[in-house]
Amino acid sequence: MASLSHHQTFTNPLILHRTPVNLRTPTYKPFSVKSQAAPVLSQDELKKLAADKAVESVKSGMILGLGTGSTAAFVVDKLGQLLSTGQLSNIIGIPTSKRTQEQAASLNIPLSTLDSHPHIDLAIDGADEVDPNLDLVKGRGGALLREKMVEAASSSFIVVADDSKLVSGLGGSGLAMPVEVVQFCWKYNLVRLQGLFKELGCEANLRLDGSEKPYVTDNGNYIVDLYFQNPIKDGFGAGKEISALEGVVEHGLFLGMATSVIIAGKTGVEVMTK
C-alpha cells in the first residue's frame with residue numbers, strides 16, 4: 001500500500017469550516033404584507049353574470065319571452081351574440097316592451113307576438129324585489145302589463161337579478177310597487193289605492209317622466225307607485241284587492257310565477273328554486 005505524503009491534506013466532510021462572523025447586531029428593514037382582496041364587482045357586472053347564467057337554459061328552436069329593464073337587456077345582448085356566432089339558431093323572441101323590441105331588432109333577433117305564438121317555452125326577465133317564496137315586485141321600468149302577459153304564457157320563467165333585490169317581504173325595499181291605471185280619473189284611483197294599505201304606511205304617487213309630466217306606458221296608461229313603510233303581509237290578498245278597483249289595469253305583484261331565480265352576488269351566482 002502506498003504511503004501517504006505528509007503534504008497531502010484531506011477535507012473531512014464532517015468538519016464545518018466557518019467563516020468569520022460579524023458580531024454586530026444586524027439591522028432589519030421593516031416590511032409589510034398587503035392582502036389582495038377579491039375584486040368587487042359592480043352592480044352591472046353582477047347583473048351580467050346572472051343574465052349569462054340564465055341564457056345557458058336557452059336552446060335552439062325556442063320561443064322566448066324577452067323581458068324589460070337593465071338586467072333583461074344583458075340577456076337580450078347575449079342572445080344576439082349567440083345568434084350571430086351560430087351557437088343558437090331558430091329562436092323567436094316575444095318582447096315585453098317597445099324598447100326591448102328595438103334592442104332585439106337591432107341585434108337581428110327574430111321577433112313575434114303573443115297573437116302568433118300564444119305558448120312560450122321560456123321567459124327571462126329581471127325583478128325589482130324577490131322574496132323567499134320567489135314572489136316578485138316588477139314594473140319599475142314601466143312594462144308590468146306586457147311582462148305579466150308574456151310571462152304568464154311561458155312554460156318556464158327564469159328571473160335574473162343581483163343580490164340587492166332580495167327582500168324578506170314584498171314592498172320591503174321601500175321602493176315603488178307600481179300599479180298601472182287608466183288615465184281617466186287617475187287621482188280617484190290613487191286615493192283609493194293609498195287607502196287600501198293605510199295600515200302599512202302606504203304612500204301613493206303618480207309616476208312622472210323626466211320632464212315632470214305623467215309617465216305614459218306603452219299601452220297609453222299611467223302608473224301609480226305605492227311606497228310601503230312595512231312589507232305586504234299577504235301578497236295574494238293585496239293583489240286581489242288592487243285588481244278589484246275599477247280603472248286598475250295591472251299591478252306589479254308577480255306571485256307564484258317564477259320557476260327559478262338566478263341571483264348574482266359577491267360570493268358568486270346562486271340558483272333559487274321552489
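Student: Where do I start? What does the secondary structure of the chain come to?

Tutor: Start with the elements. The model is predicted, and its chain has six helices and 13 strands.

Student: How much of the chain counts as buried?

Tutor: Of the 274 residues, 43% count as buried. Look at the contacts too. Take those between residues at least 6 apart in sequence: 74% of them join residues at least 24 apart.

Student: Now helix pairs. At what angle do α1 and α2 pack?

Tutor: For a helix pair, read the angle, then the distance, then the hand. α1 and α2 pack at about 50 degrees, and their axes are 8 Å apart. That angle makes α1 oblique to α2. The crossing of α1 past α2 is right-handed.

Student: Which residues make the contact?

Tutor: From α1 come D44, K47, K48, A51, D52 and V55. From α2 come S70, T71, F74, V75, K78, L79 and L82. Sorted by class, this contact of α1 with α2 has six nonpolar, two polar and five charged residues.

Student: And α2 with α3? How do their axes cross?

Tutor: Helix α2 spans residues 70-84 and helix α3 spans residues 98-106. Their axes come within 9 Å and cross at roughly 25 degrees. Angles under 35 degrees count as roughly parallel, so α2 and α3 are roughly parallel to each other. The hand of α2 passing α3 is right-handed.

Student: Which residues of α2 and α3 meet?

Tutor: A73, V76 and D77 of α2 meet T100, Q103 and A104 of α3. By class, the contact of α2 with α3 has three nonpolar, two polar and one charged residues.

Student: Let me pick D77 in helix α2. Is D77 buried, exposed or partly exposed?

Tutor: Read the relative accessible area. D77 has 38%, so it is partly exposed. Setting aside neighbours within four places in sequence, D77 contacts Q103 and L107. Also check I109: it is 32 residues from D77 along the chain, and their C-alpha atoms are separated by 9.8 Å.

Student: What does L64 touch?

Tutor: Leave out residues up to four places away in sequence. L64 then touches V58, L79, I91, I92, G93, I94, I120 and L122.

Student: Is L134 buried or exposed?

Tutor: L134 counts as buried, because its relative accessibility is 2%. Now take E212. E212 also is not a glycine and has a positive phi of about 65 degrees. Its loop runs between β8 (203-206) and β9 (222-227). E212 has a relative accessible area of 59%, so E212 is exposed.

Student: Now loops. Where is G141?

Tutor: G141 is in the loop between β5 and α4 (144-152). At 33% relative accessibility, G141 is partly exposed. Its contacts, beyond neighbours within four places in sequence, are R99, R207 and Y215. G141 and D128 are 13 residues apart along the chain, with 9.1 Å between their C-alpha atoms.

Student: One last residue. Where is K266 found?

Tutor: K266 is in the loop between β12 and β13 (268-273). K266 counts as exposed, at 74% relative accessibility. Compare sequence and space here: K266 and L46 are 220 residues apart in sequence, and 8.2 Å apart from C-alpha to C-alpha.

Methods:
Residues numbered from 1 in each chain as written. Predicted model: local features only at pLDDT ≥ 70, side-chain atom pairs only at ≥ 80, totals over all residues. Heavy atoms only, no water. Axes fitted to C-alpha atoms, helices over the stretch in contact; angles between N-to-C directions. Helix = DSSP H or I, 4+ residues; strand = E, 2+ residues; numbered from the N terminus. Parallel < 35°, antiparallel > 145°, perpendicular 65-115°, else oblique. Left-handed = near helix turned anticlockwise from the far one by under 90°. Contact = heavy atoms within 4.5 Å. Nonpolar A, V, L, I, M, F, W, Y, C, P; charged D, E, K, R; others polar. Buried < 20%, exposed > 50% of the residue type's maximum accessible area, 1.4 Å probe, protein only.
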